[in-house]
Amino acid sequence: VEFDDVDLARDEVVAIFSKADSGGFALELVGGWFGTYLRFGVHQGGEYSYADVSIGGLDLDHAHFIMGTYDGAGRVRLWVNNSDSGVDESAVLSGGVTTNDVPALLGADPQGLTDTRYHFTGRIQMAMLQTWRDH
């Protein structure tokens, strides 16, 4: 992911990869009190839980590899450029992600089956969504 606009107002949200609409997951940029931060969240147990990290130290002239995870029994986690340094993880959770019927979108947040919001400005070179089950 390469970011164009990271100067966000407090509580402004920009979706990078999202299936959030009262369920699912979201990788987002969010404006905070101390600058913009990156967060990955999942809807589980009736609410969203997040792992987040400030983007203050990122070189915005380069693309970044971002990975968010939750396996149904543990914490929501986030890595930027293969590092979880400075990441605040969620509490320990147990249970699957709330399902919904909205599409997974790149560069926007779904609102029902046809509307979108929180549009991203930048470039997304690759996105991958994986799910797995116990073996």
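Which residue in strand 4 does V30 stand opposite? The views below, drawn from a predicted model, start with that spot.

**View 1. Strand 3 and strand 4 pair side by side in the antiparallel sense.** V30 stands opposite Y37 in strand 4. Strand 4 covers residues 35-44. Its pairing with strand 3 runs over 8 bridges. Strands of a sheet pair through backbone hydrogen bonds, either parallel or antiparallel.

**View 2. F3 and F120 form an edge-to-face aromatic pair.** The structure holds 4 aromatic pairs, and this is one of them. The ring centres of F3 and F120 lie 6.2 Å apart, with 75° between the planes. The pair links distant parts of the chain. F3 belongs to strand 1 (residues 2-3). F120 sits in the loop between strand 12 and strand 13. The two residues are 117 residues apart. Both F3 and F120 are buried.

**View 3. F17, F25 and F40 make up one aromatic cluster.** Within it, the rings of F17 and F25 have centres 5.3 Å apart and planes at 75°, so this pair is edge-to-face. F17 has a relative accessible area of 16%, so it is buried. F25, at 11%, is buried too. A pair of aromatic rings is described by the distance of the centres and the angle of the planes.

**View 4. R39 places its charged end over the ring of Y50.** The charged end of R39 is 4.1 Å from the centre of that ring.

**View 5. S22 has a positive phi in a loop.** Its phi is near 60°, and S22 is a residue other than glycine. Most residues other than glycine have a negative phi. S22 is found between strand 2 (13-18) and strand 3 (25-32). Is S22 buried or exposed? Its relative accessibility is 58%, so S22 counts as exposed.

**View 6. Y118 also has a positive phi.** The value for Y118 is near 55°, again in a residue other than glycine. Y118 lies in the loop between strand 12 (115-117) and strand 13 (122-123). Y118 is partly exposed, with a relative accessible area of 29%.

Terms used
Residues are numbered from 1 along each chain as its sequence is written. This is a predicted model: local features need pLDDT of at least 70, side-chain atom pairs count only at pLDDT 80 or more; totals for chains, interfaces and linings use all residues. Side-chain values use heavy atoms; hydrogens and water are left out. Helices (H or I, at least four residues) and strands (E, at least two) are DSSP runs, numbered from the N terminus. Buried means under 20% relative accessible area, exposed over 50%, partly exposed in between (1.4 Å probe, protein chains only). Rings of Phe, Tyr and Trp (its six-membered ring) pair if their centres lie within 6.5 Å; planes under 30 degrees apart count as stacked, over 60 as edge-to-face and the rest as tilted. A charge sits over a ring if NZ of Lys or CZ of Arg is within 6 Å of the ring centre and within 35 degrees of the ring normal. Two strands pair if DSSP finds at least two bridges between them.
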